[in-house]
Protein chains: 2
Amino acid sequence: MVDNVHSVAAPEATDEAATTHERLLVAAAALFAERGYSGTSMADIAERVGVRKASLYNYYPSKEEILMHLLRHGIQAWDEAAVGELEGDAPVGERLWRHLLAAVRFVGERPELVAIFRVAATQIGGDLGERAMAEVKEFKDSHRRQLEAVFERAVADGEVRPGAPADHAYVLRMFANGVVTSQLHACEADERLEEGRLRNLWDLFWNGLACEAPASEVTA
Amino acid sequence: MVDNVHSVAAPEATDEAATTHERLLVAAAALFAERGYSGTSMADIAERVGVRKASLYNYYPSKEEILMHLLRHGIQAWDEAAVGELEGDAPVGERLWRHLLAAVRFVGERPELVAIFRVAATQIGGDLGERAMAEVKEFKDSHRRQLEAVFERAVADGEVRPGAPADHAYVLRMFANGVVTSQLHACEADERLEEGRLRNLWDLFWNGLACEAPASEVTA
DNA sequence: CCTACCGATCGGTAGG
DNA sequence: CCTACCGATCGGTAGG
């Protein structure tokens, strides 16, 4: 087990000037993201790294452990990139906007790491599936609790519409998840969001799609 | 090629009283959803169906064609379940709410079919990936255009906050995608949304998280 | 980091 | 719908 590689180098590092271990992680992340876990063979990874398959086992004892390492690394990197934005004394709408912006930037810069979450979530049964799911669940729960705390204070301070903070947190998470997921699939700059438009979308979301004037009673 | 099976029977039909072809589709959908495309072997499917592997090739010429059939079927079923709700003369907020409700009910009843979208999207490279992606893209574009048309009228009628209809549609799609995706992973009734709460979440989303009173200027 | 190799399983076919 | 089989590839190991 190797524990002195705490970062997965940026994709550019695949080409040159990176340790074999770093190139292993970059290659594995990209391949898992492209083809899924089962769709990627150790030989595929080795070919991209430029070594023989057996050499990979000097760094990780199994394919499973490569995925688990990437998953833990992805969670940590996402935490560092986005979670801090929730703290501070700025208006809650501003903190949440910066949180969303950080998340969208993260997926733009490291899409393979975000894709690992999806890959892990796809493996529902089996040993690997349970281990991966436990890691993802802990991460999601932590994020949810953090958002709920943010909204609890915001509701108390009258900064947001009255209601259950858990509901506010849920609505925000669903919107942010949708945006991040859509950006994950839009790798080819095909429908990448530029930040000006993202800000417009955020304002529309934050203030609501409904007309400001009280709408006529819904005919349910 | 068989074309007289237009439906994938409900999961209960796996047990008894269904043609082999129907059970094949049910088993394949469930297994692809659980383990992914590459993680599911023809032998796995055959075992669940209760026949030998070679017999499956009487119904589809390849594993790829099973996935493509399920993908097309899932798209059609989703269209039938949710798209019609967008039409009519009810207030736009009510039509969109019914659309979301139909989508959430659909994922609750047929999660394997919704999961197929994700499985297909995971296969990025290769023959299968391109064919599946083309099908999904056509479906998504059609849904996007439909929502944009809905919002174009709603903006013109002053039923929603002024702005670009494409932005309204984007915000709604991101929220709905997030909700459906979260329900997809919450198969174990662990955090299934009941419809009363979903309605509360919808109202919060539709009217906006922001306080109704004009918030103080954002300190950007 | 390599060559050489392991048993198991892969998608698919032949032939009935 | 079955038995029997194909070449290819799988994750992983031995030994250096």
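Student: Before we start, how are things numbered, and what counts at which pLDDT?
Tutor: Residues are numbered from 1 along each chain as its sequence is written, and chains are lettered from A and ligands numbered from 1 in the order in which they are written. This is a predicted model in which local features need pLDDT of at least 70 and side-chain atom pairs count only at pLDDT 80 or more, while totals for chains, interfaces and linings use all residues; side-chain values use heavy atoms, with hydrogens and water left out.

Student: OK, which residues are closest to DNA strand D?
Tutor: Lys63(A), Thr20(B), Arg52(B), Ser55(B) and Asn58(B) are the closest of the 16 residues that surround DNA strand D, where a residue is near a strand if one of its heavy atoms lies within 4 Å of it. Sugar and phosphate make up 55% of the atoms of DNA strand D that come within 4 Å of the protein.

Student: Switching topic, how much area is buried between chain A and chain B?
Tutor: About 4,700 Å² is buried there, with carbon and sulfur atoms giving 58%; buried area is the accessible area (1.4 Å probe) that two parts lose on being put together, summed over both. On the chain A side, Arg161(A), Tyr170(A) and Leu209(A) lose the most area to chain B, together 17% of what that side buries.

Student: How many salt bridges are there between chain A and chain B?
Tutor: The count is two, a salt bridge being a side-chain nitrogen of Lys or Arg within 4 Å of a carboxyl oxygen of Asp or Glu. One salt bridge joins the side chains of Arg197(B) and Asp167(A), at 2.8 Å from N to O.

Student: Which element gives the largest share of the side of chain A that touches chain B?
Tutor: H7(A) gives the largest share, with 13 residues.

Notes: Helices (H or I, at least four residues) and strands (E, at least two) are DSSP runs, numbered from the N terminus.
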